[in-house]
Amino acid sequence: MFSKLVMPDLFKTIAFRLTLWYAGIFSISSCVAFALFYVVATQTLQGQTDLDLLEKARYFSTVIQRNGIMGASKMAVIEAQAAGEKRIFFRLLYPNGEVFASSHMSYWKDISIDHGVINTLSHTKGHVFTTWLIKPNDQKARVLYSFVAKNVILQTGIAMDFQSKFIQAFKTVFIVSMGFIIIFSAVSGLFLSRKALSGVKAIIRTANSISGTNLEKRVPETGNQDELDLLAHTFNRMLDRIEALIKSIREMSDNIAHDLKSPLTRIRGFAEIALVNMDDLDNYRGMAANTIEESDRLLDMINTMLVISRAEAGEGEFVFKAVNLSAMVREACDLFVPVAEDKNIDFTHVVADHIHTLADEKMLQRALSNLLDNAFKYTGDKGMVHVDLQGEVDNFIKIRVIDTGPGIDSGSLERIFERFYRAESSRTSPGTGLGLSLARTIVREHRGDLVVSSQLGRGTVFSIKLPYRNIQII
Ligand code: ADP
C-alpha cells in the first residue's frame with residue numbers, strides 16, 4: 001500500500017530523473033575511462049612481451065652464428081631453466097615443422113606447432129606472433145615463430161602471468177571503484193538536483209497557498225538572476241497581473257451592477273406609478289415611453305459591452321470597405337451643429353479633401369461620435385470645440401477632436417479608456433463610462449490608435465490615428 005502511494009510519485013519527480021541521469025552519465029563516462037585505460041595498458045604490456053620475445057630470437061640467431069645448432073640447442077635448455085621453465089620455453093624446428101631441440105616442455109605440452117603459421121613464415125621470412133591459452137588455469141601465453149638461421153625456426157613462448165595478474169587486479173579495482181562511483185554519483189546527483197529544485201518547491205508552496213482571497217503572497221526572489229530566480233520573478237509578475245485583473249474584474253462587476261441597478265430601479269418605479277394610476281391612459285403611455293427609453297439605454301450598454309469584448313477577443317464582426325473619410329467626418333460634424341448651437345459652443349472643423357481608407361464606416365462613425373459627444377458634454381457654455389482631419393502625417397491619417405472643456409487630471413488620464421471608468425468630476429453628467437473604451441477598441445480594430453492629451457482647466461485633445469492607405473473611391 002505504502003509503496004503504491006509513494007513510489008510512483010518518487011519515480012515521477014524531476015529530482016529522481018536528474019539523479020538517474022547524473023548517476024548514469026557519471027558511471028558511463030567512468031566505464032569508458034576504465035575501458036580506455038584497460039586497452040592502452042594491455043596493449044603496452046603485450047608490446048613489451050613481444051619486444052622481449054624478439055630480443056630472445058635475436059639472441060638465438062647470434063648463438064647459432066657463433067656456436068652452431070648444437071650451441072643453440074643447449075642454449076634453449078639453459079635459458080629456460082634460468083628464466084623458469086613455467087615462464088618460458090624454446091623449440092628449434094626445421095622449416096617442415098620437425099622439432100630437433102627444445103627446453104623442458106612438460107608445462108607447455110598444449111602448445112603444438114602451427115603448420116599454417118610456419119607456412120606463412122616460410123613465405124614472409126619475418127616473424128609471427130600467436131596467443132595461446134594454457135590449460136588447466138587458462139593462462140595466456142604469447143608465442144613467437146621466427147627464423148633464427150637459414151633453416152632453423154625458433155618457436156618461443158612466454159607466460160603472460162604479469163598481464164593476467166594485472167587484469168585480475170584491474171577487475172577488483174574496477175568493481176570497487178564502480179560501486180563507489182555509482183553510490184557517490186547517485187548521492188551527489190540527488191543532493192544537487194534537490195538543491196537546484198528547491199526554488200521550484202518554493203513556487204509550488206506559494207501557488208498551493210494562494211486562494212481566491214490571498215493573492216498578495218509572493219515567491220521569495222534571490223536576485224541572483226539564475227533560471228529559478230527568473231522563474232520566481234515571472235511567477236510573481238504573473239500574480240501581479242492576476243491580482244490587478246481580479247481587482248479590475250471586481251470593480252467592473254461593481255460598476256455593471258451599479259449601472260444596471262439605476263435604470264432597472266427607474267423602470268420598476270414607472271411600472272409602480274402606472275399601477276397606481278390605472279385609469280389614466282395618458283399616464284400609461286408616458287410610463288411606457290419612459291420604460292422603452294430606459295430599456296433602450298440598457299440594451300445599448302449591453303450591446304456596447306458585447307462589441308468591446310468580442311473585438312478584444314479577436315471576434316469582432318467588422319466589415320472593411322473603402323470609405324471616404326473626408327465625407328464621413330463632415331457628416332459627423334454636421335450632426336453636432338444643433339448641439340453646439342444649444343450650448344452656445346464655438347464649433348469649427350477643418351477637413352482635408354479626398355481622404356480615403358479601408359474601414360468599417362459605421363463603427364468608425366460610432367467612435368468619432370463618442371469623442372464629439374464627450375467634447376460637447378464636458379465643455380461648458382461658450383467653450384470651443386474643433387475637429388480636424390489631416391491626410392498623410394508620418395504614414396497616418398489623423399482625426400482630432402479638440403475642446404476647451406475642464407480637462408482630465410493625470411490620475412484619471414491613465415484610466416479613462418478602461419471599461420466603466422468615469423472621473424469623479426464627471427459623475428454628475430449622464431454616461432456609462434463605456435464610450436472611450438469602445439472608441440479605442442474600434443480604432444485598434446482598424447490597426448490604428450486613439451490617444452489623448454489634456455491640460456486640467458484648459459481642455460482635451462483626442463486623436464484617432466489610422467494607418468495611411470492610398471485607396472481611392474472610384
Ligand atoms: P462617459 O462619458 O460615459 O462617462 P467615456 O468612456 O466616454 O464615458 O469617458 C470616460 C471618462 O473620461 C469620462 O467619465 C470623463 O471623466 C472623461 N472624459 C472623456 N472625454 C472627456 C473630455 N472631452 N473632457 C473631459 N473629460 C473627458
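Guide: A polar contact is a pair of N or O atoms within 3.5 Å; within protein, one must be able to donate a hydrogen and the other to accept it, and neighbours in sequence count only through two side-chain atoms. This is a predicted model, where local features need pLDDT of at least 70, side-chain atom pairs count only at pLDDT 80 or more, and totals for chains, interfaces and linings use all residues. Residues are numbered from 1 along each chain as its sequence is written, and side-chain values use heavy atoms, without hydrogens and water.

Visitor: Which atom of Gly 435 lies 3.3 Å from an oxygen atom of the ligand?

Guide: A backbone N or O atom of Gly 435 does. Side chains take part too. An N or O atom in the side chain of Arg 422 is 2.6 Å from an oxygen atom of the ligand. Asp 403 places a polar side-chain atom 2.9 Å from a ligand nitrogen atom.

Visitor: How much of the ligand's accessible area does the protein cover?

Guide: Take the ligand on its own: it has 530 Å² of accessible area (Shrake-Rupley, 1.4 Å probe). The protein covers 97% of that.

Visitor: Which residues around the ligand come nearest?

Guide: Count residues with a heavy atom within 4 Å. There are 20, and Asn 374, Tyr 378, Arg 422, Ser 426 and Leu 436 come nearest.

Visitor: Which elements give two or more residues to this shell?

Guide: Helices (H or I, at least four residues) and strands (E, at least two) are DSSP runs, numbered from the N terminus. Here they are α8 (361-378), α10 (435-445) and β12 (459-467). The largest share, 4 residues, comes from α8.

Visitor: And how do I read packed helices?

Guide: Two packed helices are described by the angle between their axes and the distance between the axes. Axes are fitted to C-alpha atoms over the stretch in contact, with angles from 0 to 180 degrees between N-to-C directions. Helix α4 (residues 161-209) and helix α5 (residues 227-276) pack at about 15°, axes 9 Å apart. They are therefore roughly parallel (under 35 degrees).

Visitor: At what angle do α2 and α4 cross?

Guide: Roughly 160°. The axes of α2 (residues 14-83) and α4 come within 8 Å. These two helices are therefore roughly antiparallel (over 145 degrees).

Definitions and conventions:
Angles under 35 degrees count as roughly parallel, over 145 as roughly antiparallel, 65 to 115 as roughly perpendicular and the rest as oblique.
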